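Hi,

Here is the structure I promised to pass on.

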Amino acid sequence: MNEFVSPRTRVALLSCRNVCGGTEVLTTYRLRLYPTRTQERLLNETLETCRLLYNRMLADRRENHTGFYEQKRVLVGLKKNSKHLRAVNSQVLQDVVLRLDKTYQAFFAGLAKRPRFKRKARYNSFRYAQLGGFRVIGKALRLSKIGSVKMKLHRPIDGTPKTCTVIRDIDQWYACISAKIGSSEPIEPQEGKAVGVDLGVVNLATLSNGRTFGNPRHLDRSIIRLKTLQRRLSRKKKGSNNGEKAKVMLAKAWRRVRRQRDDTAHKVSADLASGYSTIVFEDLHIPNMVKNHNLASAITDASWGQLRRLTAYKAERRGGRVILVEPRGTSQKCSGCGEVVPKGLEERTHSCPNCSLVLDRDVNAARNILKLGLERARMEEQPLLVQRRRISKFAPVKQEAYG
Ligand SMILES: [Zn+2]
């Protein structure tokens, strides 16, 4: 696979697909579950048991500095004395220990914050790590210690299911089943059209060829309802029945916004991945940008990170690639001659005094992004590597005009 990655120049490849053994590929299916009342109670109990175990293991790690393997042994001891733990599948329990260890690894590597104790609302999934703990039988999902749960199989599962994550989304349940698609032929890298993408708030994406994708601003359209619900919640007594109801209403309103965002990101990414074989984005450090409160909600609403991630895996599947480049200076430089033409945020047009090029500001930036991306692609050929970003205070910040 020819992806170009270099930690030095921070040309990173984003991907949510795992490549195992070169040609074998994991794909994830998200399927809606329809548990019965009893099953739902069992699912909720499983989540609660997992959460308590997670918190207990976290406390143990903080106090006694135990490691992963030690904790796995501790778990065996705990199970002997707890009927709650014994009521949960052992793969699921072991996965809790593994999850905590992964969070710690990410923390030690500087990729995440220190692991925290989980509140009830913050613990919404558990995982069966091997087939056997779960099984797809017709239109049902057999979960060990839960039972056979009705499932909406909106498309057939290709390949062998490997893991199954059960997710609670307020009042709905989902199963994310990752399946290994047999070692097919390696995907041929596609040669073809390349495009640079400038992400923005006015337009969600502007391409180097002048095409734009508008920003639907889902949050703006729901903000009045969200504020009303938030106010209603704040008037209710904490922990009361009515308070809980108001909380659920608010969470559902947010879920609606989230799903609208996902929908937009899926459509735009599918469009990009099907139209171009090389897609260049800016390597924006989004968590840092979101610290700017004026911009935070606008950026989150545009869901740039999601868009890049989805484009990366869709492009990869088609033999295309996504390249990330340093964002510094892309909007100031002239894409025609390279002259630096300083401009304020409100200036929407790039007009170069040197080569008299006049272009839309964002198209100019997108052309610079494309140029940088193609340079990087020529410079370095390195094996595929999926990178996560370090948390850094000094990552470049994109300037964005937003009223
Ligand atoms: Zn110029």
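This is a predicted model: local features need pLDDT of at least 70, side-chain atom pairs count only at pLDDT 80 or more; totals for chains, interfaces and linings use all residues.

Residues are numbered from 1 along each chain as its sequence is written.

The sheet is open and mixed, with five strands in the order β11-β10-β9-β12-β13. Strands here (E, at least two residues) and helices (H or I, at least four) are DSSP runs, numbered from the N terminus, and two strands pair if DSSP finds at least two bridges between them. β11 (212-214) and β13 (321-325) sit at the edges with a single partner strand each, so one side of each has no neighbour in the sheet.

Now for β9 (194-199). Five of its six residues are buried, so β9 is largely enclosed by the rest of the structure; buried means that 20 or more other C-beta atoms, placed from the backbone, lie within 10 Å of a residue's own. A hairpin of three residues links β9 to β10, and these two run antiparallel with three bridges. Leu199 has Ala205 of β10 as its bridge partner. β9 is also joined to β12, in parallel, by three bridges, with Gly196 opposite Val280.

Further along, β12 (residues 278-282) pairs with β13 in the parallel sense over five bridges, and Ile279 has Val322 in β13 as its bridge partner.

Cheers

Note on methods: Two residues are in contact if their C-beta atoms, placed from the backbone, lie within 7 Å. Axes are lines fitted to C-alpha atoms, for helices over the stretch in contact, and angles run from 0 to 180 degrees between N-to-C directions. A residue is buried if 20 or more other C-beta atoms lie within 10 Å of its own, exposed if 12 or fewer, and partly exposed in between; C-beta atoms are placed from the backbone.
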